[in-house]
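User: Please take me through this structure, and set each label you use against the criterion behind it.

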Amino acid sequence: MAQNHDLFDDLIDISKGLGALKDPLGGVTDALMGAASPDAPHWNPADYKERPRANTIPCMVCKYDKSSCTKCLDACPVEAIDIEDGGIEIMDTCRKCGLCAAACPTEAFVSPRIQPKKLYDAIAAAAAAHETAYVTCTRALRRLPRENEVVLACVGDVTPEVWFSVLADYPNVSVYLPLDICTNCRNTTGEEMLGEAIATAEEWSGVGMGLEVEAKDLRCVKRREYERKEFMDNIMRSTGLAVSKLNPATAALASVSQRLKAHSQQITNLERTLNKACGTNTQKRRRILMQKNQLLLSTLQAHPELAENVRVTRPECDFSKCTMCGECVAMCPTFACDLKGAGRFTLESTYCVGCGLCAEVCPDHAITMVETDAAELIVPDPEEEKRAAEAEKARQEALKAKEEAKKKLSAALDKVEKLAD
């Protein structure tokens, strides 16, 4: 539906025109003369890469040397990872692609640049302010990114949980990868990881991911409502006049930073709710909520109707075989499982990452991994429930007041009719 064009839109268009008149050649002269400013940013692919750090504590192989997990080794395109004697070595041959961090189910590899929440924030910020946001890699872009372009060492660094959260909230996100760009790339596993992650996220969210393969088709167009917000914020900073008060429609628009702050607050509230309900096990060990689980749970909390689409793997215990040895509890990287009461196996699904280590270490083979939907991962939001209850109470009170007003009006009309007779 087309937006109504008003005075503010006219002013925005005029200001754009004036900006172009101030620099009519748009920097072409400097480019032709080779007179670039020394302080101007330069394209350097290395700026988007970093060597991951290894944490042996949650690593499944470090915990249990007979673990079958090889996800980081399979993801590494140059065999730069060595896990032996409870330690992880990342060798100098590392390409800093970050694929090991994306592949590890227990987040034993840490790469700050591609942490799930940080990735979500970067993509969401671009998508919230622009008509289309693009996620791409250094090999595909080969230039400084625009405001709506998120550049990674490899697009395979985005996990299914991140894509799911992005697609559920911002369907205007596309991947930019020119045809055959991955064919000669040394990050040989990245394309497969990207395909699997996007396929999973599309199935979970019910939203298709966009794909651009031509550089000429990339557009950087801000959404008009955010142009209006920026324009009015600039006026307010310059004049002290709260322009948004002049236009109620703009007052309701949340800025990008406000939306990201609200999302972070939702995760904080969710974690607080879980900590109160089940934050520690019977051994007083604090359960660990992985970042990818934070995104998954927060998205399901906001979109509970998607839970039936999401498939997760969780352990189930055959109590006739269980001898209550406690190996599963001792080895769980997130302390999601526990032995309660008379030693009965229990699981807090919201903390489980489905790694399967509990099943591998069980000497009695009492635990098996079972696929199920994510219905039990929906965490009630006390604040939202409180707001809904208050809104319902206000609605009921309004209906009651309306009925009373009708009765009084009817009684008054009856008196008028009697007096008229």
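**Labels and their criteria**

Analyst: Among contacts in the protein (heavy atoms within 4.5 Å) between residues at least 6 apart in sequence, 75% join residues at least 24 apart. The model is a predicted one, in which local features need pLDDT of at least 70 and side-chain atom pairs count only at pLDDT 80 or more, while totals for chains, interfaces and linings use all residues. Residues are numbered from 1 along each chain as its sequence is written, and side-chain values use heavy atoms, with hydrogens and water left out.

User: How many helices and strands are there in the protein, and what makes a run count as one or the other?

Analyst: The protein has 16 helices and 12 strands. These are DSSP runs numbered from the N terminus, a helix being H or I over at least four residues and a strand being E over at least two.

User: What share of the residues is buried, and what makes a residue count as buried or exposed?

Analyst: Of the 421 residues in the protein, 41% are buried. Buried means under 20% relative accessible area, exposed means over 50%, and partly exposed covers what lies in between, with a 1.4 Å probe and protein chains only. The protein exposes about 23500 Å², of which carbon and sulfur atoms supply 53%; the areas come from the Shrake-Rupley method with a 1.4 Å probe, and for residues only the protein chains shown count as cover.

User: Why is the pair of Trp43 and Tyr48 called tilted?

Analyst: Rings of Phe, Tyr and Trp (its six-membered ring) pair if their centres lie within 6.5 Å, and planes under 30 degrees apart count as stacked, over 60 as edge-to-face and the rest as tilted. Trp43 and Tyr48 are 5.4 Å apart centre to centre with 35 degrees between the planes, and the pair is tilted. Trp43 is partly exposed at 25% relative accessible area, whereas Tyr48 is buried at 16%.

The structure holds two aromatic pairs. Phe164 and Trp204 form an edge-to-face pair, with 5.6 Å between the centres and 90 degrees between the planes. Phe164 lies in helix H8 (residues 160-169) and Trp204 in helix H9 (residues 190-205), so the pair ties together parts 40 residues apart in sequence. Phe164 is buried at 0% relative accessibility, and Trp204 is buried at 7%.

User: How do you know that Arg344 lies over the face of Phe319?

Analyst: A charge sits over a ring if NZ of Lys or CZ of Arg is within 6 Å of the ring centre and within 35 degrees of the ring normal. Arg344 lies over the face of Phe319 at 3.7 Å from the ring centre.

User: What makes Glu147 and Lys222 a salt bridge?

Analyst: The criterion is a side-chain nitrogen of Lys or Arg within 4 Å of a carboxyl oxygen of Asp or Glu, and the side chains of Glu147 and Lys222 meet it at 3.7 Å, N to O. This pair links distant parts of the chain, with Glu147 in the loop between H7 and S6 and Lys222 in the loop between strand S8 (210-212) and helix H10 (224-239), 75 residues apart. Glu147 is exposed, with a relative accessible area of 54%.

The structure holds eight salt bridges, one of which joins Asp121 and Lys117, with the closest N and O atoms 2.6 Å apart. Asp121 and Lys117 are four residues apart in helix H6 (residues 116-129), so they are separated by about one helical turn.

User: Which residues does Leu144 contact beyond its neighbours within four places in sequence?

Analyst: Leu144 is in contact with Pro41, His42, Trp43, Tyr48 and Glu149, leaving aside those neighbours. Leu144 belongs to the loop between helix H7 (138-141) and strand S6 (149-152), and is partly exposed at 34% relative accessibility.
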